[in-house]
Amino acid sequence: MDVAVLPLATAAAYGIAVGAGLDAAALVVVQCRGNQPSPRLTLTFAAFQGMFLSVLSSTVSRHVSPGLLVQTVLGTMGAFAGSLVAYKLHWIRTNRRFLPFVGAALLGLCCLALADWVLFPVLGADGLGLRPVGLGVLMGLVGVVLAAVFSSLHFRKVEDGITFGASRDQAWLAAFGVTLILAWLYVETVRLLTLVPGEEVVS
C-alpha cells in the first residue's frame, strides 16, 4: 500500500498551523476559567488565531483548492453579517430555551467529530463518512449554522452589557468573543468548501 508523504514545506506549514491553533485553544481555556477582561490575552489570542488561519488558508489554497481564500473570506463575512441582520430583525430569539438546544447541538457535533478522528485509522480515509460529498457537506453546513447561531448569542451578550452599563474594560471580553466566533466560522467555511468536488491534491 502506497503511503502519501507530504512535502517538507507543506508538513512544516501544517505543523505551524497546528501549533498556533493549540496555543489559541489554550488561551480560550484560560479566558473561560478566568472570565476577566485582559487586553494582553485578547491580543495574543488574536495573533495566534491569525497565524493559524493564514497558514491554513495558504496551504489549503495552494494544495487543495486554488482561489479558496477569497471564497472563504466572502463566505465568512456573509454568514457573520447575515447572523447580525437576523438578530437585529429578531428572526433568531436568543432566550433561555434556545441555549440548551444550541449547546446540545454543539456537543453532539463535537462528539461526532471526535469519534470520526479516533476511528480514522480503523475505518480508513472516509472515516464515519463525514468527509466525502453528501453527509460531509451536510455536517459542514451544520457547523456553519452553529457558528452563525453562536454569533447571535454573543450579540445578545454584548447588547445586554451595554443595556445594563457594563464597565468599559468588558469590551475586551466582547472582542475576544467576536474573534473566537469569526475564527470558528472561518474554519467551518474552509472545511465546507474543501468538500465541494474539485481537483484532487497532488503530491
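Surface patches are made of residues with over 30% relative accessible area and no salt bridge, and nonpolar side chains are joined within 5 Å. In this predicted model, one such nonpolar patch is formed by Leu69, Val73 and Met77. Together these residues have about 250 Å² of accessible area. Met77 is placed in helix H3, which spans residues 68-88. Its relative accessibility is 47%, so Met77 counts as partly exposed.

Charged pairs were examined next. Side chains of opposite charge can pair when their charged atoms come close. Two salt bridges were found in a search of the whole structure. In one of them, the side chain of Glu159 meets that of Lys88, at 3.8 Å from N to O. Glu159 belongs to helix H5 (residues 135-163) and Lys88 to helix H3, so this pair ties together parts that are 71 residues apart in sequence. Glu159 is partly exposed, with 33% relative accessible area.

A salt bridge also joins the side chains of Asp160 and Arg156, with an N to O distance of 3.2 Å. Both residues lie in helix H5. They are four residues apart, about one turn of the helix. Asp160 has 27% relative accessibility and therefore counts as partly exposed. Arg156, at 33%, is partly exposed as well.

Asp23 was considered separately. This residue sits in helix H1, residues 8-34. At 36% relative accessibility, Asp23 counts as partly exposed. Asp23 and Phe45 are 22 residues apart in sequence. In space, their C-alpha atoms are 8.0 Å apart.

Definitions and conventions. Residues numbered from 1 in each chain as written. Predicted model: local features only at pLDDT ≥ 70, side-chain atom pairs only at ≥ 80, totals over all residues. Heavy atoms only, no water. Patch = residues over 30% accessible without salt bridge, like charges linked within 9 Å, V, L, I, M, F, W, Y side chains within 5 Å. Areas by Shrake-Rupley, 256 points an atom, 1.4 Å probe, with all protein chains shown as cover. Salt bridge = Lys/Arg side-chain N within 4 Å of Asp/Glu carboxyl O. Helix = DSSP H or I, 4+ residues; strand = E, 2+ residues; numbered from the N terminus. Buried < 20%, exposed > 50% of the residue type's maximum accessible area, 1.4 Å probe, protein only.
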